[in-house]
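Work through the exercises below with the sequence and the 3D view open. Try each task before you read its solution.

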Amino acid sequence: MDKKLKIKEGLMLPVMEAFYTIQGEGMHAGNPAYFLRLGGCDVGCVWCDVKESWEAEKWPVLGIEEIVDQALIYPGRMIVITGGEPLMYNLDPLTALLKERGFTIHIETSGAHPFSGNFDWVCFSPKKFKAPHPSIYTKADELKVVIFHKSDFEFAEKHAALVNKACKKLLQPEWSKSTQMLEGIINYVKNHPDWKISLQTHKFMDIP
Ligand code: SF4
């Protein structure tokens, strides 16, 4: 089978980077986790802090066995699949193999592509720059909306109306706008107590 077909089937994936660290944000902040950052994203957020991930072709393509073997080196068994936009790929084979090897599997996605894979936790972070695919709404365990501008509160509520009732709802200040946006977020959450604040604690700790 050639490489292109293997990528299409999710047997090989472009890996921008993979590292063992502490999950800094969202409902699982503070937990040790192995981050797998897949290359490739067509969402185009203006404030994206991993723009180098956008071109998938720049990154080495690895077989899923090799990806999982590298994750197994570390003691933690929580893996966070992120990007780029990881749902650009069929994640069924990778997540099946990770499950077989005993991992708890999380994903962080904009939901801009059809859902695939089997996860223990789905963090859905919709972006204004490319509409989510409808398949994400029933899968999301956590809705995490980045607040860059005050119009983002309305955007957050629009998506909150579409997720499951049990889905956790978080507002996170965009890092470069933190100082301007934080007060508004604090007030919003105090007045809308079904929301929580998520901070990028890894940036405060200066870890990846
Ligand atoms: S979805 Fe994520 S990786 Fe893609 S442009 Fe937006 S912030 Fe960057």
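Two strands pair if DSSP finds at least two bridges between them. Helices (H or I, at least four residues) and strands (E, at least two) are DSSP runs, numbered from the N terminus. Residues are numbered from 1 along each chain as its sequence is written. The model is predicted: local features need pLDDT of at least 70, side-chain atom pairs count only at pLDDT 80 or more, and totals for chains, interfaces and linings use all residues.

**Exercise 1. Trace the strand pairings.**

Task: Find how many bridges join β6 to β7, and in which sense these strands run.

Solution. 
- Step 1: β6 and β7 run parallel and are joined by two bridges. Look at Phe124: its bridge partner in β7 is Leu143.
- Step 2: Go to β5. Four bridges join β5 to β6, and these strands run parallel. Here Thr109 stands opposite Phe124 in β6.
- Step 3: Move to β1. It pairs with β2 in the antiparallel sense, over seven bridges. Tyr20 has Tyr34 in β2 as its bridge partner.
- Step 4: β1 also pairs with strand β3 (residues 61–63), again antiparallel, over three bridges. Pro14 stands opposite Val61 in β3.

**Exercise 2. Find the centre of the core.**

Task: State which residues of the largest nonpolar core touch the most other members.

Solution. 
- Step 1: A residue is buried if 20 or more other C-beta atoms lie within 10 Å of its own, exposed if 12 or fewer, and partly exposed in between; C-beta atoms are placed from the backbone. A nonpolar core is a set of buried Ala, Val, Leu, Ile, Met, Phe, Trp, Tyr and Cys residues joined through C-beta atoms within 7 Å.
- Step 2: The largest such core has 43 residues, and Leu36, Ile79, Ile81, Ile147 and Leu171 touch the most other members. Strand β2 (residues 32–38) gives the most to this core, with five residues.
- Step 3: Take Ile81. Two residues are in contact if their C-beta atoms, placed from the backbone, lie within 7 Å. Neighbours within four places in sequence aside, Ile81 is in contact with Leu36, Leu38, Pro86, Leu91, Ile105 and Ile107.

**Exercise 3. Read the annotated sites.**

Task: Decide whether Gln23, Pro208 and Asp49 are buried, partly exposed or exposed.

Solution. 
- Step 1: Turn to the record. UniProt positions are given in the numbering used here, feature names are shortened, and annotations may be inferred rather than shown by experiment. In an unreviewed entry, UniProt's "binding site" covers Ile22, Gln23, Gly24, Arg37, Thr82 and Pro208. Under "binding site", the unreviewed UniProt entry also lists Trp47, Cys48, Asp49, Gly84, Ser125, Pro126 and Lys127.
- Step 2: Gln23 lies in the loop between β1 (12–22) and β2. It is buried, because 22 C-beta neighbours lie inside 10 Å.
- Step 3: Pro208 lies in the segment after α6 (201–205). It has 13 other C-beta atoms within 10 Å, so it is partly exposed. Not counting residues up to four places away in sequence, Pro208 touches Phe19, Thr21 and His202.
- Step 4: Asp49 sits in the loop between β2 and β3. With 12 C-beta neighbours inside 10 Å, Asp49 is exposed.
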